[in-house]
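Here is a friendly briefing to keep beside the model. Please have the sequence and the 3D view open as you read.

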Amino acid sequence: MAEELGQGNADSDQDSIMKFFKFVLQKWGEDLNCREDIVKKSKQGKIDAATHSQTVDYMKPLMRSFKNKSCSPDILACLVDVCKHLLMRDYIAANEAYMEMAIGNAPWPIGVTMVGIHARTGREKIHDKNVAHVLNDETQRKYIQAVKRLMTKAQKYFPGKLSRMVNYERPPM
């Protein structure tokens, strides 16, 4: 699936990303359902279940845009990079692609271009790709946050090399 991503077919990319995210959500749900009742009823168990259901809710607008083939091209390009790295289990590169999508790589990620009365010389270098997507609207902020949660879960369920993982914690023995 990683080889198919980013080949120029936006419809195929949206289908692949949607399948991957649905798979991780399903695996997360199964993991939550397999817990013992005492764990499910504990405070942390309830928080984990609420986090899962919140993530499902936050992902609905993104999944809907994938289903309708209407995801914005800049978000899709970033998600293609994120998913490609996740599928190759290169979680550090996936995290870098996520950060570029979430906050951009501009010197002024908030979009501030005029700080004085004179025009800045580098102002024309600030493009749409450099401005943070998190700040566009609340819906995008929510599904970008949900994508980060799914990235964390993907790393937990499909561990790779320790050198390519983000904040790796060994499972208790």
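Glutamine 14 sits in helix α1. Helices here are DSSP runs of H or I with at least four residues, strands are runs of E with at least two, and both are numbered from the N terminus. This is a predicted model, in which local features need pLDDT of at least 70, side-chain atom pairs count only at pLDDT 80 or more, and totals for chains, interfaces and linings use all residues. Residues are numbered from 1 along each chain as its sequence is written, and side-chain values use heavy atoms, with hydrogens and water left out.

**Around glutamine 14**

- With a relative accessibility of 2%, glutamine 14 counts as buried. The classes are buried for under 20% relative accessible area, exposed for over 50%, and partly exposed in between, using a 1.4 Å probe and protein chains only.
- Beyond its neighbours within four places in sequence, glutamine 14 is in contact with Ser65, Phe66, Lys69, Ser70, Cys71 and Leu76. Contact means heavy atoms within 4.5 Å.

**The protein overall**

- The protein has six helices and zero strands, and the pattern along the sequence reads α-α-α-α-α-α.
- Of the 173 residues in the protein, 35% are buried.
- The protein exposes about 10,900 Å², and carbon and sulfur atoms supply 53% of that area. Accessible areas come from the Shrake-Rupley method with a 1.4 Å probe, and for residues only the protein chains shown count as cover.
- Take the contacts between residues at least 6 apart in sequence: 70% of them join residues at least 24 apart.

**Helix α1 against helix α3**

- Two packed helices are described by the angle between their axes and the distance between the axes.
- The axes of α1 (residues 10-33) and α3 (residues 43-67) come within 11 Å and cross at roughly 165 degrees. Axes are lines fitted to C-alpha atoms, for helices over the stretch in contact, and angles run from 0 to 180 degrees between N-to-C directions.
- That angle makes α1 roughly antiparallel to α3. Angles under 35 degrees count as roughly parallel, over 145 as roughly antiparallel, 65 to 115 as roughly perpendicular, and the rest as oblique.
- The crossing of α1 and α3 is left-handed. A left-handed crossing has the near helix turned anticlockwise from the far one by less than a right angle, while clockwise makes it right-handed.
- On the α1 side, the residues that meet α3 include Gln14, Ile17, Phe21, Leu25 and Trp28. On the α3 side, Ala49, His52, Val56, Met59 and Phe66 are among them.
- By class, the residues of the contact of α1 with α3 are twelve nonpolar, six polar and three charged. Ala, Val, Leu, Ile, Met, Phe, Trp, Tyr, Cys and Pro count as nonpolar, Asp, Glu, Lys and Arg as charged, and the others, Gly among them, as polar.

**Helix α6 and its partners**

- The axes of α1 and α6 come within 10 Å and cross at roughly 65 degrees, which makes α1 roughly perpendicular to α6.
- The crossing of α1 and α6 is left-handed. Residues in this contact include Phe20, Phe21, Val24 and Trp28 of α1, and Val147, Leu150, Ala154 and Tyr157 of α6.
- The contact of α1 with α6 has nine nonpolar, no polar and four charged residues.
- The axes of α4 and α6 (residues 138-157) come within 12 Å and cross at roughly 10 degrees, which makes α4 roughly parallel to α6.
- Ile75, Leu79, Val82 and Leu86 of α4 make this contact with Gln140, Tyr143, Ile144, Val147 and Met151 of α6. The contact of α4 with α6 has eight nonpolar, one polar and no charged residues.

**Lysine 148**

- Lysine 148 is in helix α6 and is partly exposed, at 27% relative accessibility.
- Setting aside neighbours within four places in sequence, lysine 148 is in contact with Asn95 and Tyr98.
- Lysine 148 and methionine 99 are 49 residues apart in sequence and 9.4 Å apart in space, C-alpha to C-alpha.

**Two loop residues with positive phi**

- Lysine 69 lies in the loop between α3 and α4 (73-87). Its phi is positive, about 60 degrees, although lysine 69 is not a glycine.
- Lysine 69 is partly exposed, with a relative accessible area of 33%.
- Arginine 89 is in the loop between α4 and α5 (91-103). Phi of arginine 89 is also positive, near 60 degrees, in a residue other than glycine.
- Arginine 89 is partly exposed, with a relative accessible area of 37%.
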